[in-house]
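Let's take a friendly walk through this structure together. Have the sequence at hand as you read.

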Amino acid sequence: MATAIFDALPYYDNDLEVHPELKAKVEKELAREGKPPTTLHPKVPPPIDLFSVGTSTINSHVLSQYSTRLQQRPLLAAELARVEANRPIPPLDTTRHQLPGPLSTPATEEGWQAAVKNAHAQLEHQRLRQTNIALLQQYGANSWRVHNYLLEATSRQLEKTVEDLTQLTTDLNRDRKNSQTAFGAQLTALETRWTELISNVLQIEMANVALEAEIDQLAKKEAELAIS
């Protein structure tokens, strides 16, 4: 297993506390960062209108690739335009639920036939409503109980998942803090040992310089005694 290499120990590093001037430098560097551009890059293609294919804004490659998807959809386009403009939903058309008589005066056979067909459709609609109401009265309560039970089970499962993730996050942060604290203590010990070794090296070098000076003095005295 490869050993992880940490280039930062946020639970241990306290450079901003020890050196407050670093915070001002960091903020200055961040302020120098350029703001993100507000315009698109020239290589970014122009926006595509999903409801009206136009060759002026779409090249032949894109047009051939999305020709099956970019089709005329006026209803969807109108609905998206309504939502974008924050306009209310238009009211429902209730004329189809009415039972008007023949519209022509005097009434014709075709008018009566259309009225009768509309009446049959309304009767069938009411029959289906009564059937649905009867089914709802018979099975609706139990269906809602089952639905609520499933929702409660799902809610409990999600709450348990959140608790597990929260505990996992807490354990992970605790392990990170403990490991970084241990690494930090090790770094501090190594840094202290390095400082001591550097100090010892400097002391040895200073002693060597002093010994070399003493040797030179002794050599000069020896030469003087030899001459005399």
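In which helix is Leu150 found? The answer is helix α5. Keep in mind as you look that this is a predicted model. Leu150 has a relative accessible area of 48%, so this leucine counts as partly exposed, since the exposed class begins over 50%. Together with Val146 and Tyr149, Leu150 forms a nonpolar patch on the surface. The accessible area of Val146, Tyr149 and Leu150 together comes to about 320 Å².

Stay with helix α5 and move to Phe183, which is found there too. With a relative accessible area of 34%, Phe183 is partly exposed. Now look for Tyr12: 171 residues separate Phe183 and Tyr12 in sequence, yet their C-alpha atoms are 8.5 Å apart in space.

Another stop in helix α5 is Gln122. Is Gln122 buried or exposed? Its relative accessibility is 10%, and because buried means under 20%, Gln122 counts as buried. Leaving aside residues up to four places away in sequence, Gln122 touches Arg96, His97, Gln98 and Leu99.

Finally, step out of the helix to Asn86, which lies in the loop between α4 (74-84) and α5 (109-227). For context, most residues other than glycine have a negative phi. Asn86 also counts as exposed, because its relative accessibility is 69%.

Note on methods:
Residues are numbered from 1 along each chain as its sequence is written. This is a predicted model: local features need pLDDT of at least 70, side-chain atom pairs count only at pLDDT 80 or more; totals for chains, interfaces and linings use all residues. Side-chain values use heavy atoms; hydrogens and water are left out. Helices (H or I, at least four residues) and strands (E, at least two) are DSSP runs, numbered from the N terminus. Buried means under 20% relative accessible area, exposed over 50%, partly exposed in between (1.4 Å probe, protein chains only). Patches are made of residues with over 30% relative accessible area and no salt bridge: like charges are joined within 9 Å, nonpolar side chains (Val, Leu, Ile, Met, Phe, Trp, Tyr) within 5 Å. Accessible areas come from the Shrake-Rupley method with a 1.4 Å probe; for residues, only the protein chains shown count as cover. A salt bridge is a side-chain nitrogen of Lys or Arg within 4 Å of a carboxyl oxygen of Asp or Glu. Contact means heavy atoms within 4.5 Å.
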